[in-house]
Amino acid sequence: MRLSRFFNSWRAAALSAPFLATSLTCASAAGNYEFLAAPQTDLNRVFRLDKATGEVGACQYGLKEGTQIGVTLCYPPGEGAKAGAFSDYALVASRHTGEGGVFRVDLRSGMMSICFVLNESSVVCTPPAK
């Protein structure tokens with residue numbers, strides 16, 4: 001009797017293992033993005049960072065021309081802001097209230113770039129430096 005309970009428990013664990021692995025994979029995939037508002041106090045822009053690749057984009061609120069209806073204006077990654085080497089990236093805002101950009105930092109290497117919206121068309125980042 002005890003042996004059959006052992007095999008039933010083992011079989012149940014073996015059958016549930018794929019579901020557990022899928023759950024853990026989904027949980028580890030969550031939280032790939034970080035969001036940070038630009039420090040400029042009269043700008044409603046939020047930057048989006050892919051924490052694994054360093055890709056940076058931004059969105060802000062705007063009015064549709066000739067109406068009072070709001071729209072989300074988004075700026076895609078441009079020069080220096082596109083996906084790069086896999087690492088562990090973060091965004092940091094300065095405390096300068098007139099600054100429209102944010103710092104992208106590589107937490108593993110210590111390299112930093114400054115990212116901002118250029119000509120209301122795309123997000124660009126300076127070359128990384130220490």
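A residue is called buried here when its relative accessible area is under 20% and exposed when that area is over 50%, with partly exposed covering the range in between. Arg 45, at 6% relative accessibility, therefore counts as buried. The model in which this holds is a predicted one.

**Overall build**

The chain contains 1 helix and 8 strands, and from the N terminus on its elements follow the order α-β-β-β-β-β-β-β-β. Of the 130 residues in the chain, 26% are buried.

**The open sheet**

Four of the strands, in the order S5-S6-S7-S8, form an open sheet whose pairing is antiparallel. Its edges are S5 and S8, each of which pairs on one side only, and neighbouring strands in this sheet are turned against each other by 30° on average, with direction ignored. Strands of a sheet pair through backbone hydrogen bonds, in either a parallel or an antiparallel manner.

Within the sheet, strand S6 (residues 102–106) is joined to S7 by 4 bridges in the antiparallel sense, and Phe 103 stands opposite Ile 114 in S7. S7 and S8 are likewise antiparallel and pair over 4 bridges, with Phe 116 standing opposite Val 124 in S8. The hairpin made by S7 and S8 has 3 residues between the strands, and Asn 119 takes a positive phi near 55° there.

In a regular strand the side chains alternate between the two faces of the sheet. In S8, Ser 122 and Val 124 point one way while Val 123 and Cys 125 point the other way, and all of them are buried.

**The nonpolar core**

Which residues touch the most other members of the largest nonpolar core? They are Phe 47, Val 56, Ala 58 and Val 123, in a core of 14 residues. The elements that give two or more residues to this core are strand S2 (45–50), strand S3 (56–63), strand S5 (89–92), strand S7 (112–118) and strand S8 (122–125). In soluble globular proteins, nonpolar side chains tend to be buried together.

**The salt bridge**

The count of salt bridges comes to 1. Glu 120 pairs with Arg 45, and the closest N and O atoms of the two are 3.5 Å apart. Because Glu 120 lies in the loop between S7 and S8 while Arg 45 lies in strand S2, the pair ties together parts that are 75 residues apart in sequence.

Tyr 33, Phe 35 and Val 46 make a nonpolar surface patch of about 310 Å².

Definitions and conventions. Residues numbered from 1 in each chain as written. Predicted model: local features only at pLDDT ≥ 70, side-chain atom pairs only at ≥ 80, totals over all residues. Heavy atoms only, no water. Patch = residues over 30% accessible without salt bridge, like charges linked within 9 Å, V, L, I, M, F, W, Y side chains within 5 Å. Areas by Shrake-Rupley, 256 points an atom, 1.4 Å probe, with all protein chains shown as cover. Salt bridge = Lys/Arg side-chain N within 4 Å of Asp/Glu carboxyl O. Core = buried A, V, L, I, M, F, W, Y, C linked by side-chain atoms within 4.5 Å. Buried < 20%, exposed > 50% of the residue type's maximum accessible area, 1.4 Å probe, protein only. Pairing = 2+ DSSP bridges. Axes fitted to C-alpha atoms, helices over the stretch in contact; angles between N-to-C directions.
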